[in-house]
Amino acid sequence: MIRYFYLAALLFTVSCTTTTGTTETADKDKIPLTLKAVSYSALPDWQMDQHEQALIAFQKSCGRILKKDAAQDFGPDGIGGTFGDWQPLCRAAKTLPSVEAKAFFEQNFTPYEASFAGRETEGLFTGYYEASLNGSRTKHGAFQYPLRVKPADLVMVDLGEFRDELKGQRIAGRVIDGRLKPYEDRAQIISGVLDNKNLAFVWVDDPVDAFFLHIQGSGRVMLDDGTSMRVGYAGQNGHPYYAIGRELIRRGHLEKEEVSLQSIRAWLEANPDQAMEVMNTNKSYVFLHELKEEGPLGGENVSLTPERSLAIDRSKIPYGVPVWLAAEPPVVGEDKLRRLMVAQDTGGAIRGAVRGDVFWGHGDRATYLAGQMKSKGRYWLLLPTNKK
């Protein structure tokens, strides 16, 4: 089963009304990706990057790529050729000295400018992070809010396995009398409807922290015995995601321009009598499990690399592709983003030919940048020069 961070920072934006250029984001979801080969001189500040950091992320993707059938198409409509085109490059990358990273990419990959059907190259880039929580393996004291594992009767369906035009779309539910029926929504689960299934594996001290963990899909829980655990996405109840930032705007509590992770959290904490009801307007509920890996896992099922892993629309871009990102600063005072990243994750809010979510990692800085980031930007896919 593919694990993926269900949604990223678009919790904090109003995606149906956000625009870039002259076309609404919602309309752009359906516009095809167009690629145009360019030279490395067309990539802003290519020479200035620390390419060895991207090589580390790429090597992680290579572990998956090398296990694939060489004849299988690499990505939608084979935009990256076949896995056989990538496997010799991955074998070379496994033992490549870090000082040769830049030359490796230049000698083996051709950059392709991504656009909406050849008409527009600019899109929206947001950020996400690995959340931090306080918890206990037992329910007591302040630790009253459970994180739950995936129920045995939850059936998750990747529709792309049945229809090519449905790639990237998923549903989930429970089979009753041979038919897939909707699963309980967030409000029902929070109220305890599944408690007889004994799904709780850790208890945290803050329901708002738990809610944001569901959105981010991964986190670290500092336990009351002095140890910690890393948790990650295990499944989702199949109900559509709804941005509570949008709900707070609709109710007149926030203005569109001020919506961010920080402003939403501040409102929820200042209004505890209304917070749970507002959070439950998002009927989606994410189930989690304890992770043993070195880092949070992305949709590619490899550990993510802070500031080098990018979540993309998988219906348009395959996992494992190096991506040169040129975007506005995540916040005022930070540098522009000019770096080589690797497509290793996805999310329900990441839709469109030019759309991405930067994984910032763990800690206060990562949380701040991810919560604020709503940057316009462009990217270029690096595809094997000798792909068929």
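This is a predicted model: local features need pLDDT of at least 70, side-chain atom pairs count only at pLDDT 80 or more; totals for chains, interfaces and linings use all residues.
Colleague: Which residues of H6 are the buried ones?
Modeller: They are Val208, Asp209, Ala210, Phe211, Phe212, Leu213, His214, Ile215 and Gln216.

Colleague: What caps the N-terminal end of H6?
Modeller: Aspartate 206 does, with a side-chain oxygen 2.8 Å from the backbone nitrogen of valine 208.

Colleague: And what follows the helix?
Modeller: Glycine 217 comes after H6, and its phi is positive, near 90 degrees.

Colleague: Switching to charges. How many salt bridges are there?
Modeller: The count comes to 23. One of them joins the side chains of arginine 64 and glutamate 300, at 2.8 Å from N to O.

Colleague: Where do arginine 64 and glutamate 300 sit in the chain?
Modeller: Arginine 64 is in helix H2, residues 51–65, while glutamate 300 is in the loop between strand E13 (286–291) and strand E14 (309–311). The two are 236 residues apart, so the pair links distant parts of the chain.

Colleague: Are those two buried or exposed?
Modeller: Arginine 64 and glutamate 300 are both buried.

Colleague: What about arginine 351, which side chain does it meet?
Modeller: Arginine 351 forms a salt bridge with aspartate 313, at 3.8 Å from N to O. Arginine 351 lies in the loop between strand E16 (337–345) and strand E17 (355–362), and aspartate 313 in the loop between E14 and strand E15 (322–327), so the bridge ties together parts that are 38 residues apart in sequence.

Colleague: How do arginine 351 and aspartate 313 count, buried or exposed?
Modeller: Aspartate 313 has a relative accessible area of 1%, so it is buried. Arginine 351 has 25%, so it is partly exposed.

Colleague: Which side chain does glutamate 247 meet in a salt bridge?
Modeller: Glutamate 247 meets arginine 251, at 2.7 Å from N to O. Glutamate 247 is buried, with a relative accessible area of 5%, whereas arginine 251 counts as partly exposed at 27% relative accessibility.

Colleague: Which residues make up the salt-bridge network?
Modeller: Asp153, Arg174, Glu184 and Lys197 are linked in a network of salt bridges.

Colleague: Now the surface. Which residues form the negative patch?
Modeller: Asp73, Asp77, Asp164 and Glu165 form a negative surface patch.

Colleague: Where is aspartate 164 found?
Modeller: Aspartate 164 is in the loop between strand E7 (155–158) and strand E8 (170–176). At 59% relative accessibility, aspartate 164 counts as exposed, because the cut-off for exposed is over 50%.

Colleague: Last topic, backbone angles. What is the phi of alanine 117?
Modeller: Alanine 117 has a positive phi of about 50 degrees, although it is not a glycine.

Colleague: Why flag that?
Modeller: Because most residues other than glycine have a negative phi.

Colleague: Where is alanine 117 found?
Modeller: Alanine 117 is in the loop between strand E4 (109–116) and strand E5 (123–136), and counts as partly exposed at 28% relative accessibility.

Colleague: And what is the phi of glutamate 307?
Modeller: Glutamate 307 also has a positive phi, near 65 degrees. Glutamate 307 is found in the loop between E13 and E14 and counts as partly exposed at 21% relative accessibility.

Notes
Residues are numbered from 1 along each chain as its sequence is written. Side-chain values use heavy atoms; hydrogens and water are left out. Buried means under 20% relative accessible area, exposed over 50%, partly exposed in between (1.4 Å probe, protein chains only). Helices (H or I, at least four residues) and strands (E, at least two) are DSSP runs, numbered from the N terminus. A polar contact is a pair of N or O atoms within 3.5 Å; within protein, one must be able to donate a hydrogen and the other to accept it, and residues adjacent in sequence count only if both atoms are side-chain atoms. Patches are made of residues with over 30% relative accessible area and no salt bridge: like charges are joined within 9 Å, nonpolar side chains (Val, Leu, Ile, Met, Phe, Trp, Tyr) within 5 Å. Accessible areas come from the Shrake-Rupley method with a 1.4 Å probe; for residues, only the protein chains shown count as cover. A salt bridge is a side-chain nitrogen of Lys or Arg within 4 Å of a carboxyl oxygen of Asp or Glu. Lys and Arg count as positive and Asp and Glu as negative; His and the chain ends are not counted. The place of a charge is taken as NZ of Lys, CZ of Arg, CG of Asp or CD of Glu.
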